[in-house]
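Please read the sequence and the structure below together.

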Amino acid sequence: MSSPVIGNSTLANINGAAAKSSTTGVDSGSELNERFMTLLVTQLKNQDPTSPMENSDMTAQLAQINTVSGIEKLNDSLSAITDQIDAGQALQATALIGQGVMVPGNRILVGTSEDANGVVTTPIGVELDSAVEDLQIDIRGASGEIIDSFSTGPLSAGVHSFTWDGKLADGSNAAVNSTYTASLTGTVGDETYAPAALNYALVNGVIQGANGAQLDLGYAQDPVALSEVRQIL
């Protein structure tokens, strides 16, 4: 005589069938309950009359199906909440179109300017976990050579942005329409370390993908998630 309690393997089979039906558009919750009740009634009809199912066994089985149904409803609710969050992030992201943002990276772009310098550069930034006594910023050319350097002095923890004047160490202007990089060195006491660098990018649009809304930053930089934005300029 088999056990009057529906086992875990039986429940797993029911759940597997219900999950499969949900992918084909069938009401998996109703089908799950129907399958369970069919099994339960069949067991009651075929139980040993001399050893009928106890009330506690019946309660245990009903608790099992309620737990499974509750988990399924919870998953549906979480899925709906996730969809709403993704939609909200996409709406937030569209407000940044046309805005300049600071995101992880170390690029500096150089363009022409009508002022006395003759050149204009995109900002460079840093994200500090803790305060530093000084921050050294080295501007590097295409081959990695240092072409200019400057320091900021003491900085508190947080996000800071700076602008390089576009002048090389010899006083000449940096090449227009060129890309340079910045390397950062923070100093605290006798210790130095390389904090996270940030670079400027212009938000051109929003891309909705499998990982949620991402910001289109143009051909020069890969799309980034909204959470990667450290500062809006």
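## Gln-221 and its surroundings

The side chains of Gln-221 and Arg-107 are joined by a polar contact of 3.0 Å. A polar contact is a pair of N or O atoms within 3.5 Å; within protein, one must be able to donate a hydrogen and the other to accept it, and residues adjacent in sequence count only if both atoms are side-chain atoms. The model is predicted: local features need pLDDT of at least 70, side-chain atom pairs count only at pLDDT 80 or more, and totals for chains, interfaces and linings use all residues. Residues are numbered from 1 along each chain as its sequence is written, and side-chain values use heavy atoms, with hydrogens and water left out.

Gln-221 is located in the loop between E12 and E13. Strands (E, at least two residues) and helices (H or I, at least four) are DSSP runs, numbered from the N terminus. Beyond its neighbours within four places in sequence, Gln-221 is in contact with Val-103, Pro-104, Arg-107, Asn-199 and Ala-201, where contact means heavy atoms within 4.5 Å.

Two strands pair if DSSP finds at least two bridges between them. Five bridges link E11 to E12 (residues 212–216) in the antiparallel sense, and Val-206 stands opposite Leu-215 in E12.

Another open sheet has five strands in the order E7-E4-E10-E1-E14, again with antiparallel pairing. Its edge strands are E7 (158–162) and E14 (231–232), each of which pairs on one side only. E1 (residues 100–104) and E10 (residues 196–202) pair in the antiparallel sense over five bridges. Within E10, Tyr-200 is the bridge partner of Met-102.

## An aromatic pair

Rings of Phe, Tyr and Trp (its six-membered ring) pair if their centres lie within 6.5 Å; planes under 30 degrees apart count as stacked, over 60 as edge-to-face and the rest as tilted. By this rule there is one aromatic pair. The ring centres of Trp-164 and Tyr-180 are 5.6 Å apart and the planes stand at 70°, so the pair is edge-to-face. Trp-164 lies in the loop between E7 and strand E8 (179–188), and Tyr-180 in E8, so the pair ties together parts that are 16 residues apart in sequence.

| Residue | Relative accessibility | Class |
|---|---|---|
| Trp-164 | 3% relative accessibility | buried |
| Tyr-180 | 10% relative accessibility | buried |
| Gln-221 | 13% relative accessibility | buried |

## The chain as a whole

The protein chain has three helices and 14 strands. Of its 233 residues, 29% are buried. Among contacts between residues at least 6 apart in sequence, 62% join residues at least 24 apart.

The mean pLDDT (the predictor's confidence in each residue, from 0 to 100) of the chain is 79, and 67% of the residues reach 70 or more. Residues 1–7 have pLDDT below 50, and this stretch has 18 contacts beyond near neighbours in sequence. Residues 21–26 also have pLDDT below 50, with five such contacts in the model. Where pLDDT is low, the predicted coordinates should not be read in detail.

Terms used. Buried means under 20% relative accessible area, exposed over 50%, partly exposed in between (1.4 Å probe, protein chains only).
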